[in-house]
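Here is my note on the model, point by point. Please read it with the coordinates open.

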Amino acid sequence: MEQYKQEYNELLIRYYNGCDYIKNHIDKADKYMDELLKILSRIYEIVDNHPEMTKEEISNGFK
């Protein structure tokens, strides 16, 4: 698998897990929000650099 696909999948998992954590621990949101935004920024970077990605891949990662 191409490196960007593997990185994207790992970032997407971290992002979704981070969102779930913040949702369940709203009192700690301030502590983790910066890291979550960094992950999201890198996700956007990959999507911008690879316009061939489908909506399915963007939302759910690569198989």
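1. Terms for exposure. Buried means under 20% relative accessible area, exposed means over 50%, and partly exposed lies in between (1.4 Å probe, protein chains only). By that scale R14, at 44% relative accessibility, counts as partly exposed.

2. Ground rules. This is a predicted model, in which local features need pLDDT of at least 70, side-chain atom pairs count only at pLDDT 80 or more, and totals for chains, interfaces and linings use all residues. Residues are numbered from 1 along each chain as its sequence is written, and side-chain values use heavy atoms, with hydrogens and water left out.

3. Helix α2. Helices here are DSSP runs (H or I, at least four residues), as are strands (E, at least two), and they are numbered from the N terminus. Helix α2 covers residues 29–49, 21 residues in total. From first C-alpha to last it reaches 30 Å, close to the 30 Å expected at 1.5 Å a residue. The expected span is 1.5 Å times one less than the number of residues.

4. The buried side of α2. Which residues of α2 are buried? They are A29, L36, I39, L40, I43, I46 and V47. These residues pack against α1 (3–24) and α3 (55–60). Contact here means heavy atoms within 4.5 Å.

5. Nonpolar core. A nonpolar core is a set of buried Ala, Val, Leu, Ile, Met, Phe, Trp, Tyr and Cys residues joined through side-chain atoms within 4.5 Å. The largest one has ten residues: Y4, Y8, L11, L12, I39, I43, I46, V47, M53 and F62. The elements that give two or more residues to this core are α1 and α2. Look at V47 in particular. Leaving aside residues up to four places away in sequence, V47 touches Y8, M53 and I58.

6. Aromatic pairs. Rings of Phe, Tyr and Trp (its six-membered ring) pair if their centres lie within 6.5 Å; planes under 30 degrees apart count as stacked, over 60 as edge-to-face, and the rest as tilted. The whole structure has four such pairs. One of them joins Y8 and F62, edge-to-face, at 5.9 Å centre to centre and 75° between the planes. Y8 sits in helix α1 and F62 in the segment after α3, so this pair ties together parts 54 residues apart in sequence. Y8 and F62 are both buried. Together with Y4, they form one aromatic cluster.

7. Y21 belongs to helix α1 and Y32 to helix α2, so the pair links parts eleven residues apart in sequence.

8. Side chains of opposite charge can pair when their charged atoms come close. A salt bridge is counted when a side-chain nitrogen of Lys or Arg lies within 4 Å of a carboxyl oxygen of Asp or Glu. The structure holds four. One of them is R42 with E7, whose closest N and O atoms are 2.8 Å apart. R42 is in helix α2 and E7 in helix α1, so the pair ties together parts 35 residues apart in sequence. R42 is partly exposed at 26% relative accessibility, and E7 is partly exposed at 25%. R14 forms another bridge with E35, with 3.3 Å between the closest N and O atoms. R14 lies in helix α1 and E35 in helix α2, so this pair connects parts 21 residues apart in sequence. E35 is partly exposed, at 36% relative accessibility.

9. E45 and R42 meet in a salt bridge at 2.6 Å, N to O. Both lie in helix α2, three residues apart, about one turn of the helix. E45 is partly exposed, with 39% relative accessible area. Bridges that share partners join E7, R42 and E45 into one network.

10. Where is P51 found? P51 is in the loop between α2 and α3. At 71% relative accessibility, P51 counts as exposed. The C-alpha atoms of P51 and K5 are separated by 13 Å, with the two residues 46 apart along the chain.
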